[in-house]
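Please look at the sequence and the structure shown here, and then read the briefing that follows, which is grouped by topic.

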Amino acid sequence: MSKYKISVIVPVYNVEKYIGKCLDSLVNQTLSDIEIIVVNDGSHDNSQKIIDKYVKRYPDKIKSYIKENGGQGSARNYGLEKANGEYIGYVDSDDYIKSNMYEILYNIAIKNNSDIVITRDCTVTEDNNEYNNPYFDKISDKKENAFFGNMGVCNKIYKKSIIKDIRFKEHVWYEDLAFTLKVLINSKNIDYYFDEPLYYYLKRNGSTMNNSNVKKNLEILDAFNDILSYIKHNKKEEYFNKIEFLAIDHIYISAIVRVLSADTDNKIKSETINELICYMNKNFPNYKNNEYVNTLSRNRKIIYKLINLKMYGLIKLIFKVKKG
């Protein structure tokens with residue numbers, strides 16, 4: 001029997017400005033039987049000094065580990081090896097959660113014997129502006145909704161037995177994507193709590209997904225190579241159409257928009273976009289006929305059509321106006 005109801009894994013890298021608020025939200029959870037596993041992934045600021053203070057104040061709740069820098073995926077994998085909980089949760093060290101998040105999700109999980117429980121989430125800026133993130137509920141099947149929703153790992157709890165043999169890719173962006181898809185494929189019972197957002201993602205300058213290194217966007221192709229190999233190896237080809245749709249959403253739309261919006265050399269942007277489109281044509285040659293394209297939001301359908309027409313200048317203008 002597991003020692004804790006939930007193990008919460010927190011990877012840390014140079015977040016001295018934010019880690020205190022994150023840990024405050026965890027040590028004050030209304031669910032008491034949790035362990036908080038903090039993995040310092042080679043920080044060289046004062047993050048560890050702050051962590052040490054919390055360990056001293058909450059020795060029965062917080063476990064602190066220090067490792068060489070290996071990236072967020074590496075830190076999450078390390079934390080999972082140390083986890084003793086029945087369920088696993090992940091919280092990024094610059095984010096925070098509502099005080100009752102894990103009690104709500106755990107109670108749903110126990111009641112329904114859930115493999116995964118997913119909650120709504122919210123984006124908050126450093127000046128405390130909040131934006132509720134949309135959630136996908138256009139399909140009656142819970143598992144399909146999960147496939148087309150938030151691919152991040154932090155707005156969910158997972159039964160440990162479901163993820164014990166699944167690991168994050170290391171030293172890359174998009175480590176959440178392949179991990180989440182593999183877990184969803186292996187899950188039978190998925191539940192939701194969408195009454196209100198319980199997880200708060202901090203949008204800050206300098207965070208991973210705001211990095212302007214355009215070529216790093218190509219690492220999303222590694223994530224899709226990983227999941228395509230996984231469904232082939234495990235004879236799960238029935239998921240191909242869903243993976244293809246996610247490639248449309250994440251590679252063909254999101255990655256191309258990020259590249260177009262980047263402040264960098266036009267030649268590099270053009271080369272990167274060509275690589276993304278070539279990947280789609282090679283690995284998903286019939287993607288324009290995907291059955292799920294009609295589930296895209298109105299705005300994403302417009303961007304999708306403009307990319308098909310190679311009207312990149314208009315896309316850039318749209319997002320420039322949107323930014324104000």
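Thr-272 is buried, with a relative accessible area of 0%, where buried means under 20% relative accessible area, exposed means over 50%, and partly exposed lies in between (1.4 Å probe, protein chains only). This is a predicted model, in which local features need pLDDT of at least 70 and side-chain atom pairs count only at pLDDT 80 or more, while totals for chains, interfaces and linings use all residues. Residues are numbered from 1 along each chain as its sequence is written, and side-chain values use heavy atoms, with hydrogens and water left out.

**Thr-272 and its helix**

- Thr-272 lies in helix H10, where helices (H or I, at least four residues) and strands (E, at least two) are DSSP runs numbered from the N terminus.
- Leaving aside neighbours within four places in sequence, Thr-272 is in contact with Val-214, Lys-215, Leu-218 and Val-259, and contact means heavy atoms within 4.5 Å.
- H10 has 18 residues and reaches 26 Å from its first C-alpha to its last, close to the 26 Å expected at 1.5 Å a residue, the expected span being 1.5 Å times one less than the number of residues.
- Besides Thr-272, the buried residues of H10 include Lys-269, Ile-273, Leu-276, Ile-277, Tyr-279 and Met-280.
- Seen down the axis of H10, its buried residues fall within an arc of 150°, so they line one face of the helix; the arc is that of the directions from the helix axis to the C-beta atoms.
- On the other side of H10, Lys-267 and Lys-282 are exposed.

**H9 against H10**

- Helix H9 (residues 240-261) packs with H10 (residues 266-283) at an angle of about 170°, and their axes are 10 Å apart; axes are lines fitted to C-alpha atoms, for helices over the stretch in contact, and angles run from 0 to 180 degrees between N-to-C directions.
- That angle makes H9 roughly antiparallel to H10, since angles under 35 degrees count as roughly parallel, over 145 as roughly antiparallel, 65 to 115 as roughly perpendicular and the rest as oblique.
- Among the residues that meet here are Ala-255 and Val-259 in H9, and Thr-272 and Leu-276 in H10.
- The residues of this contact divide into 14 nonpolar, 2 polar and 1 charged, where Ala, Val, Leu, Ile, Met, Phe, Trp, Tyr, Cys and Pro count as nonpolar, Asp, Glu, Lys and Arg as charged, and the others, Gly among them, as polar.

**The loop between S9 and H8**

- Asn-217 is found in the loop between strand S9 (190-203) and helix H8 (219-233), and at 4% relative accessibility it counts as buried.
- Beyond residues up to four places away in sequence, Leu-218 touches Thr-272, Glu-275 and Leu-276.

**Positive phi values**

- Most residues other than glycine have a negative phi.
- Asn-113 has a positive phi of about 55° although it is not a glycine, and its place is in the loop between H4 and strand S6 (116-125).
- Lys-310, which is likewise a residue other than glycine, has a positive phi near 60°; Lys-310 lies in the loop between helix H11 (298-308) and helix H12 (312-323), and is exposed, with a relative accessible area of 55%.
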